[in-house]
There are 2 protein chains.
Amino acid sequence: MARTIAERADVIPALAETFREYGFEGASLSVIGEKTGLGRGSLYHFFPGGKEEMATAVLQHIDAWFEERIYRPLRQSDDPQAAISTMCRAVSDYFHSGCRVCIVGAFALDNVRDRFASAILDYFAVWKSSLATALQKAGHEQDQAIDLAEEAVANIQGALVLARALNDPATFERAMIRIEKRLL
Amino acid sequence: MARTIAERADVIPALAETFREYGFEGASLSVIGEKTGLGRGSLYHFFPGGKEEMATAVLQHIDAWFEERIYRPLRQSDDPQAAISTMCRAVSDYFHSGCRVCIVGAFALDNVRDRFASAILDYFAVWKSSLATALQKAGHEQDQAIDLAEEAVANIQGALVLARALNDPATFERAMIRIEKRLL
DNA sequence: TACAGACTTTACCAATCAGTACAACTCGCT
DNA sequence: AGCGAGTTGTACTGATTGGTAAAGTCTGTA
């Protein structure tokens with residue numbers, strides 16, 4: 001019937017928003033259909049693997065975004081301090097001051113963790129090591145850099161949980177300020 | 001038929017474990033039935049409100065546990081430093097070094113947050129304020145005490161996310177050590 | 001104009017979901 | 001022994017789940 005000129009890639013942001021809002025189990029095919037504007041057949045045309053393939057595509061998309069906008073700048077920048085500051089601002093923007101949930105973190109706490117274990121692990125492991133690289137370039141010892149990086153990544157996730165629990169974006173913003181202060 | 005000598009309260013730990021493992025949506029009545037050893041009739045006998053009432057009971061049970069074992073000691077102890085240390089150890093034990101998920105945190109990230117919003121908010125708000133009280137008694141200014149408390153509670157949640165994502169209890173233990181060091 | 005392949009709609013499937021109803025059973029009490 | 005309250009197993013409902021299949025419509029090419 002009517003053609004929606006939809007490429008697979010065009011659907012992914014809507015898919016991501018849906019998984020963010022409903023979680024993996026909560027995002028039923030009917031909900032996904034509504035949110036994307038695609039019928040069942042179209043969804044299975046683009047994602048023959050069903051919901052699992054949709055979620056995988058979303059995780060890949062997120063990973064690519066973070067790699068380009070956050071991880072790579074941290075590793076490659078000549079000015080590590082500036083790269084870290086940029087990271088903090090980008091993270092705060094990305095998560096809408098804690099109003100937006102981290103899908104990867106949410107999946108990690110969910111029982112779907114095992115199904116997407118390697119993508120989840122990668123996301124955090126690369127984040128941690130990229131940040132550690134920047135910290136080392138900024139003058140920290142390797143051990144201390146890794147420790148600081150681990151702490152910062154965990155703190156961001158914790159801030160997301162707490163801000164959402166308290167329903168208070170300011171909680172998230174305060175946490176990001178603390179994190180940045182501690183990294184610089 | 002056979003009587004299982006089951007009181008409502010006896011079922012709650014098994015219920016909690018089920019929600020922890022499967023999440024709210026993932027914990028179907030069949031799964032709950034298996035894990036608790038109770039049939040559908042019994043479950044609805046004890047929890048006429050269905051799954052929602054079961055989850056509410058679990059949240060109440062958790063809240064009572066934390067109130068007794070963690071929050072109250074923080075507020076009432078004459079030795080706030082010792083109370084904080086005790087908290088860190090109790091938390092580490094309770095979460096099995098990060099192998100066990102925090103149901104409240106998981107619910108906060110899930111789309112069921114709104115349904116249990118007040119219980120979730122309470123859990124974290126009381127934790128934060130109890131810890132702040134102990135920190136103030138330990139000599140911190142009120143503002144600084146609240147800030148430190150907020151940070152610590154968030155960090156614990158973040159450590160749970162990260163440890164589960166990396167599948168590494170050591171990550172959680174390192175985080176708890178950092179948290180304790182910063183509080184004392 | 002005609003055909004091929006990309007896309008979409010629609011109806012459908014078996015499985016599972018939360019929840020209900022009720023009979024069958026067990027136990028404490030008299 | 002037998003009553004009544006409490007507890008449990010089973011069968012059921014109607015809705016929804018993820019997923020399939022076939023028939024249809026559109027667009028680009030030739």
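The model is predicted: local features need pLDDT of at least 70, side-chain atom pairs count only at pLDDT 80 or more, and totals for chains, interfaces and linings use all residues. Residues are numbered from 1 along each chain as its sequence is written, chains are lettered from A in the order in which they are written, and side-chain values use heavy atoms, without hydrogens and water.

**Helix pairs in chain A**

Two packed helices are described by the angle between their axes and the distance between the axes. Axes are lines fitted to C-alpha atoms, for helices over the stretch in contact, and angles run from 0 to 180 degrees between N-to-C directions. Helices are DSSP runs (H or I, at least four residues), numbered from the N terminus.

| Helix pair | Angle | Axis distance |
|---|---|---|
| α8(A) and α9(A) | about 170 degrees | 8 Å |
| α4(A) and α7(A) | roughly 10 degrees | within 8 Å |

Angles under 35 degrees count as roughly parallel, and angles over 145 as roughly antiparallel. α8(A) and α9(A) are therefore roughly antiparallel. α4(A) and α7(A) are therefore roughly parallel.

Which residues meet? Contact means heavy atoms within 4.5 Å. From α8(A), residues including L148(A), I156(A) and L166(A) meet residues of α9(A), among them F172(A), M176(A) and L183(A). This contact divides into 13 nonpolar, two polar and two charged residues. Here Ala, Val, Leu, Ile, Met, Phe, Trp, Tyr, Cys and Pro count as nonpolar, Asp, Glu, Lys and Arg as charged, and the others, Gly among them, as polar.

In the other pair, residues of α4(A) including F66(A) and Y71(A) meet residues of α7(A) including Y123(A) and W127(A). This contact has twelve nonpolar, three polar and four charged residues.

**Where chain A meets chain B**

37 residues of chain A are in contact with 37 residues of chain B. The two chains bury about 3400 Å² between them, 57% of it on carbon and sulfur atoms. Buried area is the accessible area (1.4 Å probe) that two parts lose on being put together, summed over both. L109(A), R164(A) and R178(A) supply 20% of the area that chain A buries against chain B, more than any other three residues.

How many salt bridges link the chains? The count is eight. Each is a side-chain nitrogen of Lys or Arg within 4 Å of a carboxyl oxygen of Asp or Glu. E150(A) forms one with R174(B), with the closest N and O atoms 2.8 Å apart.

Technical notes. Helices (H or I, at least four residues) and strands (E, at least two) are DSSP runs, numbered from the N terminus. Angles under 35 degrees count as roughly parallel, over 145 as roughly antiparallel, 65 to 115 as roughly perpendicular and the rest as oblique.
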